[in-house]
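Thanks for coming, everyone. I have one structure to walk through today. Let me put it on the screen.

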Amino acid sequence: MRSKLSLASLSAVLMAALPTAALAHPGHEQTSSFMKGIGHPFSGIDHILAMVMIGLFAVQLGGRAIWVLPLTFVSFMALGSLSGAAGIAPSLVEIGIGVSVVVLGGLIAIQVRLPVIAATVLAAAIALFHGYAHGAEAQGGVSMPYLAGFLTGTAALHGGGIAAGLGLARTGGRLGTRVAGGLAAATGMFLVAG
């Protein structure tokens, strides 16, 4: 019963994102408020999936990865955001974001257990791409309230992935975690191709 409930919770998080999938990277009229910042990570399915998958992947690895991966992601996302706002342009950002969803989903689907240091480096690299996109989209630069808001929204998505992962792990729901990873990877492939 708990396994079904945890899978339902994860499904609800992902389904809530679907109406915003078409808004993946729109221009943002106002990027100075905390509340606009909180909402921004929810503005594209690619961001939602990557951030939830970081939480699931952290649970899959267990131990200190549960706090190290999300903390690393949020920190490096802030750096990426500042470089995006400054106009420092890494090439192929959108493809990098799509590939990040494929990689994270695939690692979860096939239950890869990377060493924590390798997973941390991967999370940092992925966060730079996602942060860059957030910063580059911020018209007029990234204000501190907006930055704090989208880092908070990101942490909330990580928390949703961790909660779903812990719920599934407690109930022996590895299949549910693997299915979620597979669906995320498939969605990422669609995003990269589209």
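What share of the 194 residues of the protein count as buried? The figure is 48%. Keep in mind that this is a predicted model.

Start with the overall layout. The protein has eight helices and zero strands. Along the sequence, the pattern reads α-α-α-α-α-α-α-α. Now look at the contacts with a separation of 6 or more: 86% of them join residues 24 or more positions apart. The accessible surface is about 8,800 Å². Carbon and sulfur atoms own 72% of that surface.

Next, the inside. The largest nonpolar core holds 37 residues. Phe 57 and Leu 69 make the most contacts within that core. Helices H3, H4, H5, H6, H7 and H8 each give at least two residues to the core. Which helix supplies the largest share of this core? H3 does, with 12 residues. As a general point, nonpolar side chains tend to be buried together in soluble globular proteins.

Let's stay with H3. This helix runs over 45-61. H3 has 17 residues, and 17 of the 17 are buried. From first C-alpha to last, H3 reaches 24 Å, close to the 24 Å expected at 1.5 Å a residue. After H3 comes Gly 62, with a positive phi near 75 degrees.

What does Leu 69 touch, leaving aside residues up to four places away in sequence? The list is Ile 54, Phe 57, Ala 58, Leu 61, Ala 119, Thr 120 and Ala 123.

Take Val 74, found in helix H4. Val 74 has a relative accessible area of 18%, so this residue is buried, the cut-off being under 20%. The C-alpha atoms of Val 74 and Leu 151 are 6.1 Å apart, although 77 residues separate the two along the chain. Beyond four places in sequence, Val 74 touches Leu 151, Thr 154, Ala 155 and His 158.

Then Ser 81, which also lies in helix H4. Is Ser 81 buried or exposed? Ser 81 counts as buried, because its relative accessibility is 0%. Around Ser 81, again skipping residues up to four places away, the contacts are Gly 131, Tyr 132, Gly 135, Val 142, Leu 147 and Phe 150.

Over to the loop between H5 and H6. Gln 111 is found there. Gln 111 is not a glycine, yet its phi is positive, about 60 degrees. With a relative accessible area of 18%, Gln 111 is buried.

Last stop, the surface. Leu 92, Ile 95, Val 99, Val 103 and Val 192 form a nonpolar patch there. Together these residues have about 390 Å² of accessible area. Where does the largest share of the patch come from? H5, with three residues. Val 103 is one of the patch residues, and it lies in helix H5. Val 103 counts as partly exposed, because its relative accessibility is 32%.

To recap: eight helices, zero strands. A nonpolar core of 37 residues, with H3 giving the largest share. And a nonpolar patch on the surface, where H5 gives the largest share. That's it from me.

Notes. Residues numbered from 1 in each chain as written. Predicted model: local features only at pLDDT ≥ 70, side-chain atom pairs only at ≥ 80, totals over all residues. Heavy atoms only, no water. Core = buried A, V, L, I, M, F, W, Y, C linked by side-chain atoms within 4.5 Å. Buried < 20%, exposed > 50% of the residue type's maximum accessible area, 1.4 Å probe, protein only. Helix = DSSP H or I, 4+ residues; strand = E, 2+ residues; numbered from the N terminus. Contact = heavy atoms within 4.5 Å. Expected span 1.5 Å × (residues − 1). Areas by Shrake-Rupley, 256 points an atom, 1.4 Å probe, with all protein chains shown as cover. Patch = residues over 30% accessible without salt bridge, like charges linked within 9 Å, V, L, I, M, F, W, Y side chains within 5 Å. Salt bridge = Lys/Arg side-chain N within 4 Å of Asp/Glu carboxyl O.
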